[in-house]
Amino acid sequence: MSTAEPLLEIKNLCVDYGLGDQAVTAVRDVTLTLNRGEVLGLAGESGSGKSTLAYGVTRLLPPPGVVSAGSVIYHPRSGPSVDLLGMTPAQLRAFRWAETSIVFQGAMNSLNPVHKVATQLTDVIKAHEPKLGAAARVARARQLLTMVGIAADRMDSYPHQLSGGMRQRVMIGMALALEPQLVIMDEPTTALDVVMQRQILGQLVELRERLGFSVLFITHDLSLLVEFTDRIAIMYGGQIVEQAPSAEIYATPLHPYSDGLLHSFPALRGPRRELAGIPGSPPDLRGMPPGCPFHPRCRRALEQCETQPPVLARPAGVGGNRTVSCWLHPASATIGHAMNGDQILGDPVGSH
Ligand code: ATP
Ligand code: SF4
């Protein structure tokens, strides 16, 4: 279902909190492409910048967040490509409803407690397809509920009469109500137990097969992504440090941080892995370590890691479509900038 045709191209995106001397850069020079029909996972510890990236891309950054550089090119089904960062507020509103849906952390708690599920679903449909009659709206709402695995007779339930998993499914149904091309989910299942998380993500991937939308799925649980996504990007200290097809990252993680993340969560399927965790804590964005930002925690650090920032690049001698930012994997080509912001000369490649 996934194609090599780009839907969303994030290029050299930087997001700061605050201005001038007080600014803290939470997303640094991120370049990432989401292809049409693809499920792309974004993983990293808390504070690595995953949500900031999602908010920056969709222009929902709360103050004092500001996009300080880069572009976010969206390729619609028809018509010319657009830079989301250059859109007027009116264009952006239209785009958000017609093309994209966003489910943020804790979204299931944003259902209105005093309205039945049916009313909330039909209200969304009515607001954006005003010409649809009442009966057609109800029929569409029933169809959406069934699609996300909830019996249509729960239409008359209030949110408190549904389990957390069911409420989250309702939110996903709402997110898909207008048949978006781009669905961004930021830790939508973290409040649920691990079995329910997997059920919901599995169902989302099935729906993607049928409806053809693309998903950017954000979580700190890399093992969840390995099972369900086509490709995974790993974030550390606001940067992408590795990206690869999911099966490849699972079989041979190249960056020691990816390896650490994989060994931090138990896998439900496949061979057992020893759980080890990652020593130390994530970097303080106000004073990033010199060299490789991961070096204070890296068990495999080399001397140069303490002073010289590696660049995100295709590793030499490794097949497939992968990029990694680590001195253990010398580059065959470079992309973007060194971690200290210096322009890198080389053979530029895309991240997809
Ligand atoms: P989590 O999984 O906990 O949501 P995350 O990877 O999504 O983490 P972000 O929430 O994007 O990370 O945060 C990235 C960095 O930006 C963190 O260091 C955080 O402290 C900082 N940050 C986030 N929001 C603000 C804010 N409103 N003001 C200042 N700094 C912020
Ligand atoms: Fe570890 Fe060095 Fe690779 Fe950074 S560049 S992840 S410190 S080996």
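Q: What volume does the second largest pocket have?
A: The second largest pocket comes to about 180 Å³, a volume being the space filled by probe spheres set on grid points joined across faces, edges and corners. A pocket, on a 1 Å grid over the protein atoms alone with a 1.4 Å probe, is an open set of points with protein on both sides within 12 Å along at least five of seven lines; a cavity is a set where the probe fits but cannot get out; lining residues have an atom within 4 Å of a point. This is a predicted model: local features need pLDDT of at least 70, and side-chain atom pairs count only at pLDDT 80 or more, while totals for chains, interfaces and linings use all residues. Residues are numbered from 1 along each chain as its sequence is written, ligands are numbered from 1 in the order in which they are written, and side-chain values use heavy atoms, leaving out hydrogens and water.

Q: Which residues lie nearest its centre?
A: Of the 16 residues lining the second largest pocket, Pro256, Asp259, Gly260, Arg299 and Arg300 do.

Q: And the largest pocket, how much space is in there?
A: About 280 Å³. The largest pocket has 15 lining residues, with Trp97 and Thr100 among those nearest its centre.

Q: Which strand gives the largest share of that lining?
A: S6, with four residues. Strands here are DSSP runs (E, at least two residues), numbered from the N terminus.

Q: New topic: where does ligand 2 sit?
A: Ligand 2 is in the second largest cavity, meaning more than half of its atoms lie within 2 Å of the cavity's grid points.

Q: How many residues surround ligand 2?
A: 13, and Cys292 and Trp327 are among the closest; near means a heavy atom within 4 Å.
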